[in-house]
Amino acid sequence: MTGDEILVAARDLRRDYAMSAGVVHAVRGVTLDVRAREYVAIVGPSGCGKSTLLNLIGAIDAPSSGTLAIAGQRLDGLPDRDATLFRLRRIGFVFQRFYLMPVLTALENVELPMSEAGLGKTERRTRARELLAYVGLGERLHHRPTELSGGEQQRVAIARALANKPALLLADEPTGELDARTGEEMIALFERLNTDGTTIIVVTHDEDLARAAHRVVHMRDGLIVDDRRR
Amino acid sequence: MILALARASLVRQRARTLLAVVGVAISAAMLLDMVMLASGMRVSFGSLLLAQGFQIRLAPKGTLPFDTDATIPDASGIVQRLRARSDVIAVSPVLGAQLHVEHGTASVSAAALGTIAAVQGDYKLLEGELPAQDEEIAANDALLAAVGAHIGDTLRVAAGFDPQLRAYTGQRALRIVGRAHFIYLSAGERAMALPLATLQSMEGSSRTDRASLLMVRLRAGADVEAARAAIERDVRTVSAISTATAIEQVEQRLSYFRQLAFILGTVSLAVGFLLVTTLVTVSVNERLGEIAVLRAIGVRRVRIVEQILIEGSAIMLVGAFLGLGLGLVTARYLNSILAAFPGLPEAIDFFLFQPRDAWVALGLLAGCGILAGVYPAWRGASLPIAATLREEAVA
Ligand SMILES: Nc1ncnc2c1ncn2[C@@H]1O[C@H](COP(=O)(O)OP(=O)(O)O)[C@@H](O)[C@H]1O
Ligand SMILES: [Mg+2]
């Protein structure tokens, strides 16, 4: 794995939130490199800044200071237009609460990012079917999120995240809402994704999920306090 | 795909969307009616005055046509003088009076117009013949119904009733030769037309060779204003008014209607606008999380804006189309109420539909529909993505 190029390069990243009660320093100077094809888990106590860091890496939040580059593209100070396009093409997001569009079917949810990227109807339909089959949902294409279990919804969300062949898959507590058995299936799916070449950064409380990763980054109080590969 | 999302969010809250559409339809109907009201009377009055092709009307000096009981003396002399002018094609003298038609032991009153049948422009013959000979009349349906008479019947008609002698004056037996529609009279008013000479003789010495009004038709291309001024200079006993001026005067009197229409129209537009803005804002507020997710997975701001604007416009457009239909129905109903307005010709429409009105109303509504989405669209598009997702997770 060490032979791959550096995909994520964060230098002294900070993110402050100005609150009425004072400034919250959520991330207080994080420097982190992630290589392509790596599988990284970020762990640490609640409120230590894991989600904030993941949001910065995923370009849905902007750092207060520091620099961040992904696949050679600088993200700090990037205008919204470019950041949006970057997310569409290079980042796949998986959320704790799945966040599928409730009015769309599984298939349509997976098609959505491809439609936004301008892919033709037949092409995106074919790819959406393939992706849903890949995550093990080939039989539930036309179900809406409310008709699916939590685990099934999370599989659809993963298929959606993979739709535009992202360079990086980001997941924030992906097993947080799932029971233990479904969680295990999800862990297996992430491993398979990584084996098939996807770079993954996952934020988690789930020890089993963290154990499956090849590198575990420990955070505390907005800082990385430990970073070890296995 | 974005279209599908916009549609879905409207369908999701079906009852709410429906209520908003109905609300918009009502305000659109009101708007259309007001646009119609603003121009309807003017247009229908203009076409009414011009319908018979007389461009100038002569009334006794200092009065407006049929405004008073005053009459023009030496009518035949004036007709001859006008006819002598090269730009005049036809002159139609009209004498107005109120006559009493015997019916059993009582009598019914009716408006009577003494005209020269060949050049008259006051009525349209529906059936039978023009009353061209002495003691012939054409009556309208209201009069025929009131006395139960038909074409061919003879009516006993008097010019007046002397209460001391308890006798009718100027009584004649008049034969009905035609059935007519009187253009300038209000609905249901009983009326008859008869030769000018017959009416003048019935009315007695006070009306010998007199007319209430003279209508003048000019040669095509003639300068109406020049002719009008020349006639007024030439014939000292009359005031001449051109149709254009008459329309202008009516327009001035109608400016109240236009102001009223403008204010009420603006109010209904504002109500429709607020209704749609409120609905779309509420709907966007309910979906802040969804919108943040769309943005997180790479959906551009313009797509969010599009989706929300489409939502607002769709409600507005569907409501507008329903409203235009509703507006036409209510306009017809209101017209029928106002047609009974005393003293107004039946042919005057307060709410006259012209295709232009529908386009104006539709354009205003469409514009409002787009504007109504602007605030919620801006709100949706400028969401802080990470913070919104965080709030969504807490909620
Ligand atoms: N949008 C925000 N506004 C204010 N404070 C925030 C915001 N997001 C995160 N924080 C604060 O930053 C700190 C880190 O939050 P977070 O990154 O969510 O922690 P974790 O994911 O590790 O539990 C917390 O103290 C949290 O309250
Ligand atoms: Mg978190």
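A polar contact is here a pair of N or O atoms within 3.5 Å; within protein, one must be able to donate a hydrogen and the other to accept it, and residues adjacent in sequence count only if both atoms are side-chain atoms. The views show a predicted model, in which local features need pLDDT of at least 70 and side-chain atom pairs count only at pLDDT 80 or more, while totals for chains, interfaces and linings use all residues. Residues are numbered from 1 along each chain as its sequence is written, chains are lettered from A and ligands numbered from 1 in the order in which they are written, and side-chain values use heavy atoms, with hydrogens and water left out.

**View 1. Polar contacts of ligand 1 with chain A.** A backbone N or O atom of C48(A) lies 3.3 Å from an oxygen atom of ligand 1, and an N or O atom in the side chain of T52(A) is 2.6 Å from an oxygen atom of the ligand. A nitrogen atom of ligand 1 has a polar side-chain atom of Y17(A) at 3.5 Å. Taken alone, ligand 1 exposes 550 Å², of which the protein buries 77% (accessible areas by the Shrake-Rupley method with a 1.4 Å probe).

**View 2. The shell around ligand 1.** The ligand is surrounded by 13 residues, the closest being G47(A), K50(A), S51(A), T52(A) and R390(B) (a residue is near if one of its heavy atoms lies within 4 Å). Because the surrounding residues come from chains A and B, the site is shared between chains. Helix 1 of chain A gives the most to this shell, with three residues (helices, H or I of at least four residues, and strands, E of at least two, are DSSP runs numbered from the N terminus). By class, the shell holds six nonpolar, five polar and two charged residues (Ala, Val, Leu, Ile, Met, Phe, Trp, Tyr, Cys and Pro count as nonpolar, Asp, Glu, Lys and Arg as charged, and the others, Gly among them, as polar).

**View 3. The pocket that holds ligand 1.** Ligand 1 takes the space of the second largest pocket (more than half of its atoms lie within 2 Å of the grid points). On a 1 Å grid over the protein atoms alone, a pocket is an open set of points with protein on both sides within 12 Å along at least five of seven lines, a cavity is a set where a 1.4 Å probe fits but cannot get out, and lining residues have an atom within 4 Å of a point. The volume of this pocket is about 1,100 Å³ (the space filled by probe spheres set on the points, which are joined across faces, edges and corners). Of its 49 lining residues, the closest to the centre are S51(A), T52(A), N55(A), A386(B) and R390(B). Helix 12 of chain B supplies the largest share of the lining, seven residues, and the lining divides into 27 nonpolar, ten polar and twelve charged residues.

**View 4. The largest cavity.** Among five cavities of 30 Å³ or more, the largest has a volume of about 70 Å³. Its lining includes R87(A), F93(A), R160(A) and I297(B), and strand 6 of chain A provides the largest share, three residues.

**View 5. The second largest cavity.** Helix 1 (2-12) and helix 9 (288-296) of chain B each supply at least two lining residues.
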